[in-house]
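Dear colleague,

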Amino acid sequence: MFLAASVCAAAPPVSFEKEIKPILETRCVKCHGAVMQLGKLDLRSRRAALKGGEKGPAFSPGNAAQSILFKRISGVEKPAMPMDGKLTAPEVESIRAWIDQGALWEGELGKTTANPLKAIENSQLPPNARDWWSFRAPVRPPVPQVADPRWANNPIDAFIKTALEAHNLTPAPRADARTLARRAYLDLIGLPPTPAEVREFLDDKRPDAWAKLIDKLLASPHYGERWGRHWLDVARYADSNGYEHDFDRPNAWRYRDYVIRSFNRDTPYNRFLEEQLAGDEGDNVTYDTLIATGFLRNYAKVGFREKDNPQFRYDYLDDMIATLGRGVMGLTVHCARCHNHKFDPILQRDYYRLQASLFSYVEVDHPLVPKAQAEEYYRRNAAIDGRLAPLKRRIDAIEDPYKLVLVQQKYKKFPANVQEAIATPEERRTPGQALLANQVIRTTKVSSAEVEPHLKPEERVLRDELLAEMRSIEKERPAPIPMAMGIADGDYRFVPDGPGDEPAPGKGIKREATEGSYLPDANKPYVPPPSYFLYGGDMYSHGSQMKPGFVTVLVKGEPPTELPPPGRHTSGRRRALAEWLASADHPLVARVMVNRIWHHHFGRGIVPTLDNFGHTGDKPSHPELLDWLAVEFREQGWSIKDMHRLIMNSQTYQMASSFGSGQDEARDADNTWLWRFREQRLEAEIVRDSILAVAGTLNARMEGPAVFPTLPKESLDSMKYGIWRRQKDGPETWRRSVYVYRKRGLPFPFFEVFDLPDQTITCGRRNVSTVATQALTLLNNDFVLEQSRHFADRVRGLSPADANEQLRLAYEIALSRPPTEKERSLGLEFLRHNKIGDLTHVLVNLSEFLYMR
């Protein structure tokens, strides 16, 4: 120790004026000075630096190793500072030595009125920003001329055949009728065809039999369940909040059902977007459009009030922008939260103008009943709450003294810094202490049951009498009315006046807004709350107040940014955003959606990166085809079902998957140019649905609250918060998988093993893996084993004793075809030594069962 002290004493003193001050002035105070103070840290004086910011003092004189300033500039602690690039090694060493020598500081750093970061707010696009292919509006290219008449009837085929010829590839022949029937059923409704449905298609000799099969499947209500599920991935739909507490969202399922209905009725995609962004601001507000606003509210949410941590609100807004960017525009707009986008010409100003378009949102539960009924419901509940309040206060007066003592005992179990934060008076806590104290105080509670043993006998008797009276009053509550989880501007939302869907213009019911949200004055015109450009994404570092707007590189002309509906208490900013997205001038929205549809039909998009059409995404394999489809989609009324018809009636879609010479494989191993149909593993939900379908146990009831299939005990034991209702597996839970409860904190294990995506963020393309746990699940899972037995019962019911017929039926039910001669021979031999249930179990384990071919 003496030697170390001697060495330290021998080190030459660091000059603050010559060595440290220039570094602080040029690299630090622009973010921690007069103009702005990121993290509430001011580095203009020693006093301010020692006072510190959200993370505490900037340095500890005499101890550089424990100083935040040194740890950040040396990269020991993240994020590394300065934000605009590292200091040199000699500079870092000078600051380390200066702090170790006591951090002597003369005077105060020079003040400046210029804001070096103001330039970021006023950044301009580079001259060639709009030269990137996806930023130019799609123009319908001429359809290529092809010699083969089979490939000349559909524009898709003409583009694909031209590309195949250019790459010297031979297209596969048309798949056989059984394969096509199975492909169409799995693709459009997510269920395998029954033997009777296959036979119906085989017997239809009309030239348009295939087109009629497509129309039949598009008219099936199961279509919306299948294709709505794709959109729910984009919308990051779930039935619970996520994060630690993972609270239940009791009305989330109404949004899921809205999506299914929208796909079934082929709601034009532009209107579908408008309803989800601004269903409460449109000209024709209905129950469904109010439900649709749940799209923006689908974000994963911390289970606490925003006022306890205002940062949460900015994170939810960021999630909305990420979902709109990736899911609708195919751009990573959210990457511009803290700085201009590093790869695409997306300005940080664009991010905060989009945020301004959404900033006035508050969470609401829209009543799905007539106005008078909703008012009566609120009135009766308010009256009951008023009668309960004095009783609750009397109970609190009994319990609170005990709770105060018991909670202090619980606080003692936390580390010393936590106890210190709690003990510090609220007005004197640092921001870091306030955050820490709030988190502990709101999660550390004392229950009435914990108080019970400490009550005096007379207190217990009085409390029990009060509780009995409260229970009696609670019985008078009216039955709950249907509610939809959604959003609105400020503290208002609109409900219909009568039994139909339509509310009267300008009428609504006032409700309390989410804590921490903006409450407008009902007697004045609606004024959206101010939102600001945030330097470095820091909520405390305000730049200019932002007006609503869009992504500059995509904007043509001057589209409106506010469309307030007359006589209604809402800004119309979300409606303006929706109309801009759905406008003919937008270069990306139609492209992104047709590419998404293409991906789900062919297993890969024309642009493989479905949610990234920017510079770091993949370029289109067939750019002219993509533009032709985008223009066709928009000009034909944004009909998704028409796009299905166009794609599925092409020769490209009807090609066989098993075909090709070694030359074709060598020239295009990834099948980029589509010389054959790409085999696709079914998604997790469709695997489960297919098993139920072949077992004959599928409950086809549509819509309604989620179901809760049985979970393994170890999964239930791991669940600390939220819900998973104990429902016995049976017909009630054997509904389609789109209706299974989506718990963010506890994904359904069967789905997870088959690549269920992260349910907290928007997902464009699911991962597809092949891992041992998938085979083990299909071999050993109780659900699979039980359904295999039901499948066997179905086969036995159709043919009680004929093994040959049982074998044929099992293959036709599971695989939509009879067994080959070799399979028949092996199958009969198998059945001599095993039960029919073993055979049905084998069939649902086959790759052919799990893949669309």
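**Salt bridges and a helix pair**

K212 is partly exposed, with a relative accessible area of 35% (partly exposed lies between buried, under 20% relative accessible area, and exposed, over 50%, with a 1.4 Å probe and protein chains only). The model is a predicted one, in which local features need pLDDT of at least 70 and side-chain atom pairs count only at pLDDT 80 or more, while totals for chains, interfaces and linings use all residues. Residues are numbered from 1 along each chain as its sequence is written, and side-chain values use heavy atoms, with hydrogens and water left out.

The side chain of K212 meets that of D208 in a salt bridge at 3.6 Å, N to O (a side-chain nitrogen of Lys or Arg within 4 Å of a carboxyl oxygen of Asp or Glu), and D208 is likewise partly exposed, at 32%. The structure holds 67 salt bridges. Another joins E703 and R261 at 3.1 Å, N to O; E703 lies in the loop between α29 and α30 and R261 in helix α12, so the pair ties together parts that are 442 residues apart in sequence (helices are DSSP runs of H or I, at least four residues, numbered from the N terminus).

Helix α10 (residues 209-218) packs against helix α26 (residues 640-648) at an angle of about 150°, with the axes 10 Å apart (axes are lines fitted to C-alpha atoms over the stretch in contact, and angles run from 0 to 180 degrees between N-to-C directions). That angle makes α10 roughly antiparallel to α26, a term for angles over 145 degrees.

Best regards

Note on methods: Helices (H or I, at least four residues) and strands (E, at least two) are DSSP runs, numbered from the N terminus. Angles under 35 degrees count as roughly parallel, over 145 as roughly antiparallel, 65 to 115 as roughly perpendicular and the rest as oblique.
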